[in-house]
Amino acid sequence: MISRLVFGVPTDTRKDIDRRTVLTYVGTAGAVGLAGCAGDGGSDGGDDASDDGSTETDDAADADASDEFAIDVTMGQMDSGLDPQDHAETNTEIIVGQAYEGLLDRDKAGGIIAGLADEWERTEDGSVRFSLRDGVTFHNGDAVTPEDVAFSIRRIVFDDVGIVSPQSNDLGSVTEVTPGDGAVTVSFEGYNPIAFQLFATNGEIVQQSWIESNDGDYINRNTNGTGPFRVTGYDSGNEVVYEAFDDYWGGAPAADTLTMGASSESSTRVNRLLAEETDIVTNVPPNEVSRVESADVASITSVASARIIFLQMRYDVEPFSSQQFRQAMNYAVDVESIVENVLNGFGAITSQPTLEGHVGHNPDVDPYPYDPAEAERLVEASGHAGVEITLQTPIGRYLRDVEIAQAAADQIDSLSNVSCSLEQREFSSLVQDITAPNIEDRPVFNLLGWGNGEFDGSQTLTPLLSSDGALTVLKNEDLDALLAEAEQTSNPDERVETLQTANELAHDLAPWVFLHQQFSVYGVSSEIEWEPRADEFIDPDTATRR
Amino acid sequence: MSVGRFVLKRSLQGVGVVWGVVTVVFALRFVTPGSPINAVAPLDASQETRQAIAAELGLDQPLYVQYAQYILDLLAGDMGRSYIRGQEVVSLVFSRLPATIELAVAASVVAIVLAIPLGVASATHRNEPVDYGATLVSLGGISTPNFWLGIMLILVFAVEFDVFNTSGRGTDIGDVVLAIGGSEPFVGALLSWLAYITLPAIALGTYFMALITRLTRSGMLDELGKGYVQAARAKGLPRTLVRYKHALRNTLIPVITVLGLQLGTLIGGAVITEAVFSWPGLGTLVIESINQRDWPALQGSLIVIGTGFVVVNVLVDTVYASLDPEVVNE
């Protein structure tokens with residue numbers, strides 16, 4: 001029990017080449033008999049003390065009160081820096097999202113709820129106005145102002161404000177941001193029917209003066225947000241330590257401290273959970289689920305995520321240019337079997353591009369049934385009997401992606417009139433082809449996953465299936481017209497109907513082999529009570545001690 | 001040639017090696033599929049957004065301009081800024097380096113402390129149970145994959161018996177050194193450090209230990225059969241003196257060479273062990289940088305690893321030269 005007796009919260013707070021780092025080198029040498037120096041026991045782990053009161057790395061996290069409620073989260077990967085507006089990936093969002101917030105937020109199921117704005121409305125000209133919550137302060141104690149909010153949105157949207165934000169892709173249609181008396185008005189190019197969905201997922205608020213007085217390196221190592229936790233220790237690539245923000249507008253979270261770390265090895269994450277070194281672990285693979293469930297110190301909890309997994313088929317290349325052939329591929333793959341046997345049930349069969357619960361999902365569209373005979377008949381009818389195809393899959397990007405692709409390729413290959421092989425590719429290499437500007441340069445048949453953080457069907461249909469979509473594999477005028485109509489209408493009910501029609505059409509056109517909705521599977525310590533969110537964000541501020 | 005000139009010559013050769021590493025790694029970015037833009041931008045980013053990000057990262061410049069700029073910056077001590085993390089590569093790399101050195105040194109200590117006595121005992125008790133045991137241990141060490149060993153060590157000693165931590169770095173050696181003169185109990189800091197370092201050090205050092213054991217054994221057997229040993233024994237020198245002062249000293253020359261080379265390998269090659277134990281070292285950074293095509297971070301890491309390798313080799317050569325002065329003149 002050495003570790004249990006003498007170790008508290010990890011105290012690692014390295015940020016730069018500071019005294020501790022020097023001592024580390026010295027200590028390393030000492031380990032082989034060369035060290036002969038000693039420090040004074042001070043603890044100024046921070047690299048540059050600031051007088052603006054913003055939260056910085058220090059050794060405050062060393063505190064280890066016996067009644068302290070500390071939560072430790074282990075993910076698969078750490079952040080790519082702490083700038084909340086200079087990233088576009090989930091792990092970083094989870095880490096910075098503990099300290100920063102947007103105008104709107106989401107509940108566990110993905111519904112829109114208040115954030116820094118307590119009221120929001122659409123104005124007569126189609127703009128949106130957010131009324132800011134009173135009395136909200138940044139972690140440095142300064143009040144949040146409409147100017148800070150306007151600056152934050154501009155920093156994302158306009159390149160000349162400071163950075164080229166990858167998030168501009170989502171908020172790119174913003175044309176103007178006007179701060180007013182306790183409110184901010186945002187205008188778009190034309191009418192934007194999903195403005196509130198966009199701001200519930202994007203647009204974390206930073207303090208203008210803090211951003212302008214620090215460089216990118218500093219902003220990526222320190223935080224000054226309004227969220228329920230404030231960063232007290234940042235060790236790039238290793239861990240981020242937070243403490244509860246007592247002045248949080250929603251009330252301080254139950255946890256006193258929070259530590260976010262990562263382990264790329266899933267077995268290591270599970271071992272950490274079973275050794276009671278962490279409270280929440282992400283992405284527990286199906287083969288590890290029984291090990292967690294049989295332990296008395298932790299349990300498994302899962303939630304249907306906003307990510308859909310599918311096989312893309314390019315419409316302009318034989319044999320996939322045939323709608324019958326594409327439908328045949330859907331009949332050939334036994335998705336139910338894949339979900340049960342490869343994913344241990346952690347998935348839901350899909351029938352259309354829009355997931356259940358998302359705006360525009362059509363409940364009347366059923367999944368393609370597994371029917372090899374019908375698949376063979378359609379292949380014959382398409383005139384492509386005897387064809388040889390290759391399915392490309394990324395390695396390790398999505399939950400059991402290679403195994404899923406292998407099963408699908410085997411099932412297609414078992415048809416009497418189609419041969420299918422599998423090609424595994426590193427994700428960076430595959431995605432380079434998938435994102436090629438011209439459709440002619442994209443893969444012909446590949447597995448892909450798509451997360452829809454806005455919970456709106458248009459955010460899947462438009463980029464992936466409209467003729468001008470950045471990742472499209474389809475060109476269909478009827479679908480384009482429906483999507484254009486959905487984009488322009490200001491009547492929400494009409495829009496839902498239009499998107500449902502688009503989903504039905506997409507099902508029939510079968511540009512994808514519709515596989516499944518990925519589940520987020522977490523291992524959770526028996527010592528805490530916590531429910532996961534549908535958008536893959538982790539919210540330890542909602543966790544309580546059992 | 002003097003030892004000084006010998007070291008200088010080796011050092012200059014090392015500079016050439018590091019420059020070669022820089023150039024090859026720089027060239028790799030243009031022949032490797034994938035782009036850092038895909039790690040920065042969302043998949044559905046427009047071509048305009050992609051171009052703006054490319055311009056911000058300097059990827060829109062011609063190859064020779066990027067290379068020349070990189071070399072000039074490097075000479076000024078600037079390794080650039082990570083494409084993905086937005087942080088200075090110098091601080092990023094040097095924040096990871098202590099963990100890697102710490103693990104490599106700890107693994108080496110584990111290996112040396114066990115291997116040399118085991119090798120000597122094996123050679124001096126040839127064809128006895130001690131020899132068979134040592135051979136079994138060393139063969140097992142060589143043939144056991146360290147990722148498997150790491151997982152087994154975690155399962156047994158961290159999960160089942162709860163003696164060590166499963167992963168992470170926790171307390172570093174710097175904290176232990178600070179505790180010597182500080183207010184925190186030194187023993188507590190030391191135990192805390194051991195709780196994190198022990199399992200990865202064993203996992204990483206086992207292969208190394210097995211290798212050194214075999215090398216020491218065969219070297220000792222070789223030396224013990226030579227005439228000078230018989231002569232020393234005939235002169236009446238004690239068996240222990242002959243073995244440990246004469247035979248072992250000569251045995252250590254090839255062992256030190258392998259030690260040095262392996263230490264360099266450990267600094268750059270502890271990737272799998274770092275992954276299994278979530279050890280936040282350079283190996284992890286290299287893998288992350290490759291996956292994300294974060295070229296500045298990758299180049300910075302490899303330059304430091306390459307330099308470390310060169311420095312270790314120069315040190316080994318120097319020690320080798322001091323043990324065997326003929327090397328200097330070869």
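Entry 1: I began with S8(A) and strand S9 (residues 239-244) of chain A, which are joined by six bridges and run antiparallel. The model is a predicted one, and I kept that in mind throughout. S8(A) and S9(A) make a hairpin with three residues between them, and A:Gly237 in the turn has a positive phi of about 80°. Is S8(A) buried or exposed? Seven of the seven residues of S8(A), 229-235, are buried, so this strand is largely enclosed by the rest of the structure.

**Entry 2: chain A as a whole.** I stepped back for the totals. Chain A has 18 helices and 19 strands. Of its 546 residues, 55% count as buried. I also checked the contacts in chain A between residues at least 6 apart in sequence: 68% of them join residues at least 24 apart.

**Entry 3: a four-stranded sheet.** Next I traced an open sheet in chain A with the strand order S4-S5-S7-S6 and antiparallel pairing. Why do S4 and S6 each have one side without a neighbour in the sheet? Strand S4 (117-122) and strand S6 (174-179) of chain A stand at the edges with a single partner strand each, so one side of each is left open in the sheet. Neighbouring strands here are turned by 20° against each other on average, direction ignored. Helix H4 (residues 146-157) of chain A packs on this sheet and touches S5, S6 and S7 of chain A; its direction makes about 165° with that of S6(A).

- S4(A) and S5(A) pair in the antiparallel sense over five bridges, and A:Glu119 stands opposite A:Ser131 in S5(A).
- The hairpin of S4(A) and S5(A) has five residues between the strands, and A:Gly126 takes a positive phi near 95° there.
- Four bridges join S5 (residues 128-132) to S7 (residues 183-188) of chain A, again in the antiparallel sense.
- In S7(A), A:Ala183 stands opposite A:Ser131, and A:Thr185 is the bridge partner of A:Arg129.

In a regular strand, side chains alternate between the two faces of the sheet. In S5(A), A:Val128, A:Phe130 and A:Leu132 lie on the covered face, while A:Arg129 and A:Ser131 lie on the uncovered one.

**Entry 4: the nonpolar core.** Which residues touch the most other members of the largest nonpolar core? I found A:Leu311, A:Ala408 and B:Ala107, in a core of 220 residues. Helix H5 (residues 89-124) of chain B gives the most to this core, with 19 residues. Leaving out residues up to four places away in sequence, A:Ala408 touches A:Leu311, A:Val333, A:Ile338, A:Leu391 and A:Val513.

**Entry 5: chain B helices.** The axes of H8(B) and helix H9 (residues 186-224) of chain B come within 8 Å and cross at roughly 170°. That makes H8(B) roughly antiparallel to H9(B). Residues making the contact include B:Ile173 and B:Val176 of H8(B), and B:Phe186 and B:Trp193 of H9(B). By type, the contact residues divide into eight nonpolar, no polar and one charged.

**Entry 6: one arginine.** Last, I looked up B:Arg169, in the loop between helix H7 (146-160) and helix H8 (173-181) of chain B. B:Arg169 is buried, with 26 other C-beta atoms within 10 Å.

Conventions: Residues are numbered from 1 along each chain as its sequence is written. Chains are lettered from A and ligands numbered from 1 in the order in which they are written. This is a predicted model: local features need pLDDT of at least 70, side-chain atom pairs count only at pLDDT 80 or more; totals for chains, interfaces and linings use all residues. Two strands pair if DSSP finds at least two bridges between them. Helices (H or I, at least four residues) and strands (E, at least two) are DSSP runs, numbered from the N terminus. Axes are lines fitted to C-alpha atoms, for helices over the stretch in contact, and angles run from 0 to 180 degrees between N-to-C directions. Two residues are in contact if their C-beta atoms, placed from the backbone, lie within 7 Å. A residue is buried if 20 or more other C-beta atoms lie within 10 Å of its own, exposed if 12 or fewer, and partly exposed in between; C-beta atoms are placed from the backbone. A nonpolar core is a set of buried Ala, Val, Leu, Ile, Met, Phe, Trp, Tyr and Cys residues joined through C-beta atoms within 7 Å. Angles under 35 degrees count as roughly parallel, over 145 as roughly antiparallel, 65 to 115 as roughly perpendicular and the rest as oblique. Ala, Val, Leu, Ile, Met, Phe, Trp, Tyr, Cys and Pro count as nonpolar, Asp, Glu, Lys and Arg as charged, and the others, Gly among them, as polar.
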